[in-house]
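Please read them with the structure open.

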Amino acid sequence: MMNKKNSKLILEEYENKFLYEKSKTNLNIEFNRIAFIFFVFTMISIIFSIQLFHLGSLKKENEAKPLIVKKNYRADVIDRNGNYLVKSVSSIDIGISPIDVIDKKRLLINLKWIFPKKNYTEIKKKLNKNKFFKFEKNISQINYEKIMSLGDKAIRPEEKLTRLYPQKNLFSHIIGQIDDDNNGISGIEKSFDKELKSSTEPLSLTVDTDIQFLIREELVRFHSIFRSKGSVAILMNVNNGEIISMVSYPDFDLNKRETLEDLNFINRASKGVYELGSVFKTFTIAAGLEAGLIEVDTEFLNLEKKLKCGKNTIGEYNNEIPSNLTVEQILIRSGNIGSVRIGQKLEIDKLKSFLNKIGILKKINFDIEEVGKPIPFRWGKCKLATVSFGHGITTTPLQLAKGYAIVTNGGFDIIPSLIKKNLDLTQNKKRIIKEGISKKINPILRKIVTKKEGTAGLANIEGYEIGGKTGTAQKTITGGYSRAKVNTFVAVFPISKPKYVMVVLLDEPKTSGDYIYEYRNQKGSYKGTPYNTAGWTSVEVAGKIIEKIGPILATKYIEN
Amino acid sequence: MKKVALLIIFVLILVTSLVKNSTKEIEDKIFVLNESIRFLKVEFSDTMLEYNFLSSPDKLVQYQSQYFEKDLIKIDIMKIKKISEVNKIIEISDFVKKINDE
């Protein structure tokens, strides 16, 4: 009994909590609980409001811009003057799913009416196979409307992205290609794949369409004159590394979307690795000047005509070369033995470090992935001797252009680039070789073009103050050298205040019996190529190119 | 007091609806303008593409050989002159000064 009474008392203690009254709901909840819930909701709303205000007050520039990759989108590519190099247009492909066809005969009649020229026996066969097939690619807007008005469920339109290349072959190696799924597979299309898929602005390149065209035109012309396997021309700003033109011939029309397997179509400008010969002598002399071991007028006496190093013999190209030469004369006359003597004075470490500094020995970081890797080698006494005059050492034409740019621009480091960055030339200039080197080297490069004993007289175009160095090298084959040659000329102009470097390389040129040379340093002309050397091949090509592009460079880029 | 509170709420609702309405109108206008810009942009880029193709160096060379073979000649930089104004006097000088470094 007692227990029952106690339990009743307990119930009475909780009477205030849930009190049943004669209200409509008969339910009364204590005020504290409501206040608590209200408080929680208020706090949540305050937190959210603060968050909203915070997000609203954020400045635009502080926002991280995520790369949003859009499907079926790819930004256009333009040159430095805003001309289209690549333009994306959307196109529609029409496919047919035979399983969904209700009346095959009727569909065929309708299709025949819209596309009368198609082979309908083939299409009929495909329809009977019951497998989805592409009926028409890149359909026009009118035909699209006509075919869709048929209202057949079996007709499946598919929106696709098409890249148009209004300049056809002109930038094939630079631009590269994309696959059917809108992924870049070579060139800029590959290395800037994500940016092109996400950017709303066109990608601006440093190249100039007009100059690229004129250079390519000359390369094509001389390709047939000297019957070379391939040719390269690079025109670069020596002060900021902007590439104004980069042509590698043979090239291909990007609009044809061909699969290229022939190795002759590689981008020789950045991917081709060559032994370039005497163009390296400039680097040997610059390294000697940098180390303070030689001066321009330092004399080398009693130079031999031949040197033996192991099994190999090093000789002069021209045996009429004097035995006593100054450093300047060694470079002008392209003396092999003199260069070896300078190399020996320098020793391995100094020459190696100089070549490393100007970016010759290692693979270059470039805006496209098609980049060649200079062949590594073991340095030794004989290697030092051959490297001094540009043999037994390989690099790419692009790296050669970079090296010459640094040596002639006052010693400032540059990064060759294809992407326009609006660089401030006065900032971020890092000097990597001594200031005075260019002042000593540049006048010698000019003399190579102007002096009678120089090897590049055919490039002495009036008004452009061209300086440069030639290089004739035999091509390497397994275990030795072949008779085929690689003829190179590096031109720097105007040499008193260098602005441009141009590399012209001819891969396996041959002499021409019919070509008429107009002398530049003297009156008269000469029929036929007397020697298969750079002086008679690539120098002539470079001269003709500069003659054509010079007025544009001089007037268009006068303010730049 | 009750009436004032109700009036305030009513005014607020009215103002909100008016603001929202005008915002919607502006949004519509922005949308229409954006759409017209988008259309014009497409048209502009197509025209530019056509212009780029028709004025490409390849085409120009073709036109030259077709129509102006004798009229268009290569420029000799030594013949280019520079016009400059010094103290209100116009001076004509050579674009490139001849350097005797031969």
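1. A residue is called buried here if 20 or more other C-beta atoms lie within 10 Å of its own, exposed if 12 or fewer do, and partly exposed in between, with C-beta atoms placed from the backbone. Leu506(A) is buried, as 29 other C-beta atoms lie within 10 Å. Across chain A, 41% of the 560 residues count as buried.

2. This is a predicted model, in which local features need pLDDT of at least 70 and side-chain atom pairs count only at pLDDT 80 or more, while totals for chains, interfaces and linings use all residues. Residues are numbered from 1 along each chain as its sequence is written, and chains are lettered from A and ligands numbered from 1 in the order in which they are written.

3. Chain A has 16 helices and 18 strands (DSSP runs numbered from the N terminus: helices are H or I of at least four residues, strands E of at least two). Its radius of gyration is 36 Å, well over the 24 Å that the globule rule gives for 560 residues, so chain A is more spread out than a compact globule. The radius is taken over C-alpha atoms, and the rule is 2.2 Å times the number of residues to the power 0.38. Along the principal axes, the C-alpha atoms fill a box of roughly 135 × 75 × 50 Å.

4. Strands β7-β6-β16-β15-β14 of chain A, in that order, form an open sheet of 5 strands with antiparallel pairing. β7 (243-249) and β14 (467-477) each have a single partner strand, so one side of each is left without a neighbour in the sheet. Neighbouring strands are turned by 10° against each other on average, direction ignored. Pairing requires at least two DSSP bridges between two strands.

5. Leu506(A) belongs to strand β16 (residues 500-507). β16(A) pairs with β15 (residues 480-493) in the antiparallel sense over 8 bridges, and Val486(A) has Asp507(A) as its bridge partner in β16(A). Leaving out residues up to four places away in sequence, Leu506(A) touches residues including Phe226(A), Asn487(A) and Val541(A); contact means C-beta atoms, placed from the backbone, within 7 Å.

6. What pairs with strand β10 (residues 306-309) of chain A? Strand β11 (residues 312-315) does, in the antiparallel sense over 4 bridges. Lys306(A) stands opposite Gly315(A) in β11(A). The hairpin has 2 residues between the strands, and Gly310(A) takes a positive phi near 65°.

Technical notes: Two residues are in contact if their C-beta atoms, placed from the backbone, lie within 7 Å. Axes are lines fitted to C-alpha atoms, for helices over the stretch in contact, and angles run from 0 to 180 degrees between N-to-C directions.
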